Amino acid sequence: MEEPLIELRDIYKVYQMGDEEVRASDGVSLTIRRGEFVAVVGKSGSGKSTLMNIIGALDVPTEGEYLLGGEDTSQMSDDQLADIRNRMIGFVFQQYNLLPKLNLLENVELPLLYAGIPAKERRERAMESLEKVGLKEKWKNLPSQLSGGQQQRVSIARALAGSPSLILADEPTGALDSRTSREVLDFLKQLNQEGNTIIIITHDSSIALEAKRVVRIHDGKINFDGDVNEYAAIL
Amino acid sequence: MLQSFKLALRSIRSNKMRSFLTMLGIIIGVASVIILVSLVNAYMSYMTESFASLGTNQINVNVINLSSRFVSADQMYEFYEEQEALFDNMTPMVNVDTAVKHGSDSMSSTSVTGVSEGYLDIKDYGLVQGRNIQYSDIVSRQKVCVVGYYVASELYGSPEKAIDETVKIGGYAFRIVGVTERQDKESMKDGGTDDFVWLPYSCAVKMSRNANISNYIFTIRQLDRADEAREQIEEFLYGIFKNEDLYNVVAMSEMLDSLNSMIAMVSAGLGGIAGISLLVAGVGVMNIMLVSVTERTREIGIRKALGARKGVILEQFVIEAAVQSAMGGIIGILLGSAATRLAGAAAGLDATPTPSAVLISFSVSVAIGLFFGYAPARRAAGLNPIDALRSE
């Protein structure tokens with residue numbers, strides 16, 4: 001067995017909404033090993049976004065421990081979180097989240113820039129990454145000159161550029177038509193076959209079926225965790 | 001760092017109109033500081049120059065001679081000779097209030113003054129014709145005189161023709177022995193710098209019917225010893241008069257000092273008013289940066305998600321504000337310099353923007369960017385990446 005990349009130990013995240021206490025994560029424990037392809041599935045309001053924020057080191061839990069690559073993030077400062085995000089995680093967002101005024105190359109270079117990599121190497125690695133998603137020739141274009149599918153590929157290139165331990169995709173096909181969705185999913189599968197650890201957050205069970213393992217969240221708790229075939233059986 | 005500069009320039013370029021309006025405040029502020037400070041400086045040096053031409057090395061002495069306590073010209077000369085290390089020259093000054101006549105021509109504007117042979121050096125005038133008043137003229141009360149260029153040309157037609165002619169002063173005939181060089185190159189008029197007659201002071205004293213002379217001019221050898229020289233004279237006069245109210249000693253260099261400090265005060269005051277406009281411009285910068293942070297919340301969220309530390313975001317926004325203000329500052333300097341020259345030419349002053357005014361206003365505008373950009377930048381840096389990503 002591979003060593004665990006992600007270890008959530010009894011995670012609670014509590015928000016105060018007026019008088020009401022909302023438990024967005026209510027005692028979640030989860031282990032994900034290197035090389036896994038996991039879908040976290042749940043309806044809106046189930047707490048899957050909160051979980052994704054914690055896994056992505058964008059947020060810290062109210063209670064519990066989260067080990068990312070063996071490092072406990074629950075006590076980290078903002079800058080330490082920024083560093084570990086930069087080193088360990090490649091984000092793929094639903095809205096692509098490319099910077100509109102930067103060209104493709106500059107967009108893909110961003111995580112490398114914040115990692116303090118020198119300009120020449122930065123450029124080479126970003127180009128390699130763009131080549132992987134088949135958009136090398138368009139490096140000078142602005143994101144707005146690309147189709148949605150292409151933009152999502154750029155954001156995957158950006159996620160790959162820093163050679164992260166984990167690719168965290170939040171509804172990666174949410175803004176795409178079914179054909180381009182297929183492309184993006186196939187691409188993520190291919191990346192997994194090449195050894196990348198991938199987590200997809202989605203509300204869509206059919207997309208969850210593309211993964212190898214499915215974790216279902218309901219009311220802040222995990223109510224299913226198992227192989228994709230088991231998941232298919234209970235649908 | 002370099003990246004932040006590039007980003008700043010890009011951001012300024014992509015919002016041209018807004019950037020320009022933000023800069024406008026700084027441009028006006030910087031330009032007005034430069035114009036005001038430079039014009040005041042030009043005026044100051046103009047004043048200093050015209051003051052210096054009156055003789056900054058002079059010390060004017062004025063005494064009130066009483067019948068019981070008085071100082072004579074001989075006593076003054078004795079004092080002067082004792083202090084020769086300090087004083088370069090000395091002359092009594094006796095004003096004679098009378099018209100100057102030649103035949104039927106009469107000039108009432110001409111100043112007639114009894115002086116010593118040293119006065120020519122004190123005034124630093126040269127002679128175009130003849131000789132200066134001599135010590136022997138003074139001792140023997142010779143009725144000779146040196147006249148200004150204007151007097152010579154008005155009464156006799158030219159300096160050459162004036163020599164050895166006589167001029168009637170207060171009923172006495174004086175022989176003209178010398179004519180000074182023309183001082184005012186632009187115009188010669190009644191009461192101008194060339195309209196005077198100098199007599200031996202011994203003659204003038206007799207004509208004025210005062211036994212003793214109440215005005216003297218000393219010149220000092222070293223300007224930085226003006227204080228010491230003035231004190232020496234005061235001490236000497238106190239020894240005679242025993243009363244500080246009976247004499248008055250004024251060093252011209254001290255007058256110049258007080259004039260300069262007064263002008264410096266005016267300059268600082270005007271600069272301060274212009275500085276307020278810079279402050280207002282700074283608030284404008286802050287306002288725009290706050291808008292910019294709000295507008296770019298999503299961008300900030302993305303950058304933070306990708307691993308940008310707080311410091312990096314802070315740097316990006318602070319540098320953007322500083323670059324913007326610095327650009328405004330440079331434009332303001334160029335505009336202010338041009339306006340200074342124009343205004344200077346219109347006022348007949350030799351006005352050039354002083355390097356210090358340029359340097360100060362440039363650094364102030366950069367400082368404004370840093371200072372007023374800091375609060376919005378901090379806000380940007382402190383944004384929570386999740387909230388920032390969620391914003392539209």
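Mentor: A crossing is left-handed if the near helix is turned anticlockwise from the far one by less than a right angle, and right-handed if clockwise. Helices (H or I, at least four residues) and strands (E, at least two) are DSSP runs, numbered from the N terminus. This is a predicted model, in which local features need pLDDT of at least 70 and side-chain atom pairs count only at pLDDT 80 or more, while totals for chains, interfaces and linings use all residues. Residues are numbered from 1 along each chain as its sequence is written, and chains are lettered from A and ligands numbered from 1 in the order in which they are written.

Trainee: In which hand does α5(A) pass α6(A), left or right?

Mentor: The crossing of α5(A) and α6(A) is right-handed. Axes are lines fitted to C-alpha atoms, for helices over the stretch in contact, and angles run from 0 to 180 degrees between N-to-C directions. Those of α5 (residues 148-161) and α6 (residues 178-193) of chain A come within 9 Å and cross at roughly 20°. α5(A) is therefore roughly parallel to α6(A) (angles under 35 degrees).

Trainee: Which residues of α5(A) and α6(A) meet?

Mentor: Contact requires C-beta atoms, placed from the backbone, to lie within 7 Å. From α5(A), A:Gly148, A:Gly149, A:Gln152 and A:Ile156 meet A:Thr180, A:Glu183, A:Val184 and A:Phe187 of α6(A).

Trainee: What is the strand order of the open sheet in chain A?

Mentor: Strands of a sheet pair through backbone hydrogen bonds, either parallel or antiparallel. Two strands count as paired if DSSP finds at least two bridges between them. In chain A the order is β2-β1-β4-β5, with antiparallel pairing. β2 (20-33) and β5 (71-72) of chain A are the edge strands, each pairing on one side only. Eleven bridges join β1 (residues 4-17) of chain A to β2(A), and A:Tyr15 stands opposite A:Val22 in β2(A). Helix α1 (residues 48-55) of chain A lies across β1, β2 and β4 of that chain, at about 55° to β2(A).

Definitions and conventions
Contact = placed C-beta atoms within 7 Å. Parallel < 35°, antiparallel > 145°, perpendicular 65-115°, else oblique.
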